[in-house]
Amino acid sequence: MSIYQTLDTPDGPFTVVVSDGAVLASGWTAQLDELVPLVHSGIRPTDVSAGDAGAAAEAVRAYYGGELGAPDAVPVRQRSGEFLEHAWEVLRGIPAGAPVTYSEYAAKAGRPAAIRAAASACARNAAALFVPCHRVLRLDGSLGGFRWGLDVKRSLLAREA
């Protein structure tokens, strides 16, 4: 069974969907129907109930309480092709306060010429905050895009600076 929980944060409502302790999807929304479709069809839950998201919810609270690395310890389950799965794992290794450019991210993922593929990994990330795609910026240092809005991305980066 999968559980979802919505928490109040300084950046607005944050909902996390977990299954067996692993985050399947998360983001700054109170709308479950914005998150479930982001989960790969092979692992997408058919039944999601409101409840206590456990360690994932605790990690969100800790992050907003100043423990910026708290989400790193929570397991995440995302599925896709080999490059995207690897790229998401690489994102999890980018520490708070040390954002990288899309070019640097592509290089870290082992494909320095694949800048668009790296950007696609950010765009297709279902587990925001736990897979910190907000830490990737354009070459000129501008924010680029973010599914949950540039105001949220700016706030997260400022919190982590």
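The paragraphs below go through a predicted protein model, from its overall form to a few single residues. Local features are given where pLDDT is at least 70, side-chain atom pairs count only at pLDDT 80 or more, and totals for chains, interfaces and linings use all residues. Residues are numbered from 1 along each chain as its sequence is written, and side-chain values use heavy atoms, with hydrogens and water left out.

The protein has six helices and six strands. Helices (H or I, at least four residues) and strands (E, at least two) are DSSP runs, numbered from the N terminus. Followed along the sequence, their order is β-β-β-α-β-α-α-β-α-α-β-α.

The C-alpha trace spans about 40 × 35 × 25 Å along its principal axes. For 161 residues, a compact globule would have a radius of gyration near 15 Å, and the protein agrees with this, at 15 Å. That radius is taken over C-alpha atoms, and the globule rule is 2.2 Å times the number of residues to the power 0.38. Of the contacts (heavy atoms within 4.5 Å) between residues at least 6 apart in sequence, 56% join residues at least 24 apart.

How much of the protein is buried? Buried residues account for 48% of the 161; the word means under 20% relative accessible area, while exposed means over 50% and partly exposed lies in between (1.4 Å probe, protein chains only). The accessible surface is about 7500 Å², and carbon and sulfur atoms hold 50% of that surface. Such areas come from the Shrake-Rupley method with a 1.4 Å probe, and for residues only the protein chains shown count as cover.

Phenylalanine 130 lies in the loop between α5 (115-123) and β6 (136-137). Phenylalanine 130 counts as buried because its relative accessibility is 0%. Leaving aside residues up to four places away in sequence, phenylalanine 130 touches several others, including Phe14, Val23, Ala56, Pro71 and Arg92. The C-alpha atoms of phenylalanine 130 and leucine 91 are 9.3 Å apart, although 39 residues separate the two along the chain.

The cysteines come last. A disulfide is a covalent bond between the sulfur atoms of two cysteines. Here the test is a pair of cysteine sulfur atoms within 2.5 Å, and by this rule the count is zero. Cysteine 122 is in no disulfide, as the nearest cysteine sulfur, that of cysteine 133, is 5.4 Å away. Cysteine 133 likewise is in no disulfide, with the sulfur of cysteine 122 as its nearest. Cysteine 122 is buried, at 9% relative accessibility, and cysteine 133 is buried with a relative accessible area of 7%.
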